[in-house]
Each structure stands twice: as C-alpha cells, then as structure tokens.
Amino acid sequence: MADDETRDDKPEQPPAEEAAAKEAPTEEPTAEEPAADGPEESPDGASDEVAEAAVEPAAPSEPDPADTGREAEDVGGESAEDVGGDTPEEPAAEEAPAEEPAAEADAPEPEAGEEPKKAKDAPPGAELEPIAIEPDRPLSAEERARAEAEAEERASRDAAATDDPSPDEPVARAAVKLAADTRIQATGKRKSSIARVIVQPGKGAFEINSHALEEYFPRHQHQTLARQPLVTAGYEGAVDVRVRVHGGGISGQAGAVRHGVARALTEIDPELRGELKRRGLLTRDARKKERRKAGLKKARKRPQFSKR
C-alpha cells in the first residue's frame, strides 16, 4: 500500500516527451542576438549581459603606437607606477642665463689676435672703496715746537750740503804741466791690499798689473773709485797711471789704488792736499773685517745662553 501511495503522488509523464526534453539543448542568448524576452536576472541579481561581456572577448581593433610602447614596457618589467607608485617627474627646463651687465655689453670687442681683458687682470684692491681719512687734529704746543726744531735742523743740513762741493765735482784749478821726464811714485793701502802707483805725463792711460783698467776692474763701481782722484783734481787726461797692486780682494784693491793716486797728485801739486784731504781721498780707510775670537761664533756674536 505504501508503494502505491508514493507512486500516485508523482505526476505521470509520457516517456516520449521526457526523452525529447533531455535531448534538446538549452539555447543561450548571444551578444549579437539578444533574447526576445529581454534580460533575465541571474540568481545573484546580475544581468545576463554583464556575464556575456565577461565571457566573450572584445573585437580586435587597430593597435595604437602609444599602447604598443606601453605594452613593451609592461613586458620588460613592471611599470614605474607599479614600482614607485608615482610617475617620475620630467626634469625642469634649464633656466635661461642671466643677462650680462651693461658694462660688459657696452665694452668694445677685442681685435683679432688680442685676448680680452678679464676681471682678474684688474689691479688688486680696485673694487675696494677708498678709506675716509680723518681730519688732522690740532697739534699741542710741545708737538708744534718739536716739528719746528726738526724743520730748522733739516734746513741747516740741506744748506751745509749745498755749500760743500760734491766729491765728484772737480776742483776749479788749472792742471800743472809736468816735464817729460817727471816720474812720481806713491803707495796706497786699503784693508789687506797694497798698491804702488807711478804717475807720469801722458794722455790719460790707466794700467793695473799690465792690464787696462776696464779689464782688471770689470765693475763700473770699481773703475769710478780708482779714477776719482784724477777727476777731482782735473788730471784725468793729462797723466798716465801705472799701478802694481797685490793682496786683498777686488774692492780692497780699488780702494788702495785710489789712495795711492791721491797721494801721487799731492806730490805733483801740494796745493791740492787740503781739497783732497777734506774729501777723504788722502785718509786711509781703516775699516776691515774683525778677526774671530775663541768661544764666539763670529768676531762678537756669542752662542745663545741656556740656564737649564
């Protein structure tokens, strides 16, 4: 009885119609041919059109060059947006150079082959402003008196120098004419040098140790020193001088020759003695290098003392 009740509850279906329902395929509406009844809602509440769009690929279109380059970047590696999150900013345009100052614009262009003057060629300190000099303050009575005394002393010294003739200035006297056989000998000394001088009438020849004056004394200073007595007395072109000198150095020998020539001229004209003496030509120069002492570094220089 139970089997009969269960079998009676189910509706009976003809076997032909049941086989046909199983064999018939279910037709789905495509994108090109929409369903006549309109979109059917899915169980989730989404339309069939959205589902079909997700399933069916879009129709191919012409490739864009920009899209092609972007795809190549995506293939090679992740894009800058995926890595850093922000697109790298483009470098800012270079700033335009500042305008040259008007002084450089107005300066004339250098000629061909001439280098343009640069700022470093200017003398040092050209860009500095001049220092303002403070006005002179009034002098006190003591300072004024000291300044007047110094001015008077300077004036008297200048007057004395003007009155005294220069050592190179010749004496205003006529040269004494010597006999043809006159021969004057004298000796001059300076430092360690000794000069034997012979003066005789002639035309102004000057010979030292069988050499000309210019050859024996190459320096003009020593030549002038040896000729000074002849120039002062006015006998430069009236006598010949022969000298034999030895000892000392070049400077000492030049001083010895001058001393010997001056002595010889006083033998020719005794009245020249006072003038030559006043100018220091007859006085032997006693200055010489002092000898070194034992226990000292030099003649008088002592070693440094250390208490400890």
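**First stop: a histidine and its contacts**

Select H222 and display its surroundings: leaving aside residues up to four places away in sequence, H222 touches F217, I250, S251 and A254, where contact means heavy atoms within 4.5 Å. H222 sits in helix α9, helices being DSSP runs of H or I with at least four residues and strands being runs of E with at least two, both numbered from the N terminus. With a relative accessible area of 8%, H222 is buried; the classes used here are buried for under 20%, exposed for over 50% and partly exposed in between, computed with a 1.4 Å probe on protein chains only.

Before going on, note that this is a predicted model, in which local features need pLDDT of at least 70 and side-chain atom pairs count only at pLDDT 80 or more, whereas totals for chains, interfaces and linings use all residues. Residues are numbered from 1 along each chain as its sequence is written, and side-chain values use heavy atoms, with hydrogens and water left out.

**Second stop: the largest nonpolar core**

Select F206, V241 and V243 next, which touch the most other members among the 30 residues of the largest nonpolar core. Two or more residues of this core come from each of β1 (184-190), β2 (193-201), β3 (206-208), α8 (213-216), α9 (220-233), β5 (239-246) and α10 (250-268), and α10 gives the largest share, eight residues. A nonpolar core is here a set of buried Ala, Val, Leu, Ile, Met, Phe, Trp, Tyr and Cys residues joined through side-chain atoms within 4.5 Å.

Keep V243 selected: not counting residues up to four places away in sequence, V243 touches A195, R196, V197, F206, E207, I208, N209 and V257. V243 in β5 is also the bridge partner of V197, and β2 and β5 pair in the antiparallel sense over eight bridges, pairing being assigned if DSSP finds at least two bridges between two strands.

Follow β2 to its pairing with β1, which is antiparallel over seven bridges, and find R190, whose bridge partner in β2 is S193. The hairpin of β1 and β2 has two residues between the strands, and K191 takes a positive phi near 55 degrees there. K191 is partly exposed, with a relative accessible area of 37%.

Finally, select S210, in the loop between β3 and β4 (211-212). S210 has a positive phi of about 65 degrees although it is not a glycine, and S210 is exposed, with a relative accessible area of 59%.
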